[in-house]
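Reader: I am new to this structure. Please show me how to read its features.

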Amino acid sequence: MDARLEAKLGFDKVRSAIESRCTTDYAASRVAGEEFSTDGAEIQRRQLLTDEMRLILMFEENFPTSGYIDAIPFLEPLSGHASIDLLSLGKLRTMLDTLRRALHFFHTVKEGIYPNLQHLAAGINAPAEVMRQIDAILDRHGEIKDSASEELYRIRRSIRDKEINISRRMNAILRQAQQEGFADPEASVAIRDGKMLIPVASARKKAFAGFVYDESATGKTTFMEPAEIVALQNEIAELHFAETREIARILYAFAEFLRPFVPELIAGATFLGEVDFIMAKAHVSLDYIAGMPVRSDDGALRLRKARHPLLEKSLRKEKKDIVPLTVTLTPEKRILLISGPNAGGKSVCLKTVGLLQYMFQWGMPVPTSETSELPVFDRIMVSIGDDQSLEDDLSTYSSFLA
């Protein structure tokens with residue numbers, strides 16, 4: 001990749017626009033790594049994939065355009081003995097749901113309408129048994145269900161029972177404290193940092209069986225945790241530790257169940273990453289009002305109603321229209337000399353031809369009439385602007401020769 005060439009032509013901004021439309025890191029890395037191609041068949045393949053996706057975005061309502069998840073980073077470690085965490089399990093469910101909907105679309109749409117994307121989806125599966133297992137573990141909010149295991153159900157039921165018991169005991173302790181003059185008759189149980197506390201008159205706090213936790217702004221009231229409640233809270237804390245251990249066991253058991261499916265799931269995640277990449281290209285194509293040109297077989301370049309996408313976007317903000325170009329170059333007439341005044345559009349013409357050719361060979365639809373014809377070049381060379389170095393006291397011409 002020639003970063004300087006891309007910057008001169010403005011393709012770096014096109015690449016950046018596509019990357020910004022990617023949902024996944026996988027797709028963003030594909031944008032960064034995709035190179036200018038000199039293989040006619042490969043260019044055609046890229047063009048067709050993007051053009052088919054462009055049509056899907058325009059006309060199909062049943063194709064999933066959200067829910068694309070980077071699953072490969074947490075799926076690959078599962079090939080060994082790693083477990084899966086709760087967040088990754090939720091992501092896996094989203095990924096599988098998106099994969100299922102995408103595959104359903106390509107399997108049910110009429111054969112031959114989107115043949116290249118259908119070919120990309122061939123052999124990809126979303127294992128239904130994996131989804132069923134996830135649904136048995138996670139609720140709709142992405143939390144572990146009580147019913148995920150008998151032991152988890154027992155632990156959580158014990159936690160709820162003890163929390164109800166604490167609430168009842170706190171109300172009983174408050175009433176007794178009020179009767180004995182420790183607490184104001186109008187006082188109620190206070191909550192501080194999740195702890196249930198009794199508001200005790202500071203003058204009598206030493207006589208109250210409990211632990212000081214907080215104090216009012218005036219200092220007249222001390223918030224205390226009754227001693228017997230501390231013991232009950234400790235029991236609940238131990239149950240929460242047991243709950244954490246049981247959840248870890250459930251997740252590891254699920255990871256063990258998942259291991260045979262990992263290669264299949266990685267293939268599915270890779271497919272979704274490719275779809276996300278192609279969809280980002282298609283979104284930008286729609287932004288540029290771009291279409292798929294014809295590949296020239298005779299080496300001629302025939303641009304019809306060509307528009308520089310970046311210039312057009314800039315002019316649109318100023319409510320101005322761009323003037324399209326029509327340019328023809330053939331192997332016999334391969335040099336075009338353009339003259340004219342400053343700001344007359346000479347550089348725009350050069351950059352439009354160069355950028356659109358680069359976009360075409362990168363695999364992007366181009367903003368021209370779809371009757372335009374573009375050949376496949378081995379390379380593109382550009383000399384635009386003043387490359388002189390002030391430090392070396394080189395003129396533009398000397399710099400060009402160098």
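Author: Start with helix α13, which gives six residues, the largest share, to the lining of the largest pocket. Helices are DSSP runs (H or I, at least four residues), strands likewise (E, at least two), numbered from the N terminus. This is a predicted model: local features need pLDDT of at least 70, side-chain atom pairs 80 or more, while totals for chains, interfaces and linings use all residues. Residues are numbered from 1 along each chain, and side-chain values use heavy atoms, without hydrogens and water.

Reader: How is a pocket found, and which residues of the largest pocket lie nearest its centre?

Author: Rolling a probe the size of a water molecule over the atoms shows where empty space is left. A pocket is an open set of points on a 1 Å grid where a 1.4 Å probe fits, with protein on both sides within 12 Å along at least five of seven lines; lining residues have an atom within 4 Å of a point. Here 27 residues line the largest pocket, and Leu329, Arg334, Leu350, Val353 and Met381 lie nearest its centre. Two or more lining residues come from each of β7 (325-329) and α13 (346-362).

Reader: How is a pair of rings described?

Author: A pair of aromatic rings is described by the distance of the centres and the angle of the planes. Rings of Phe, Tyr and Trp (its six-membered ring) pair if their centres lie within 6.5 Å; planes under 30 degrees apart are stacked, over 60 edge-to-face, the rest tilted. The count here is 11 aromatic pairs. In one of them, phenylalanine 277 and tryptophan 362 are edge-to-face, 6.4 Å centre to centre with 80° between the planes. This pair links helix α11 (residues 262-287) to helix α13, across 85 residues.
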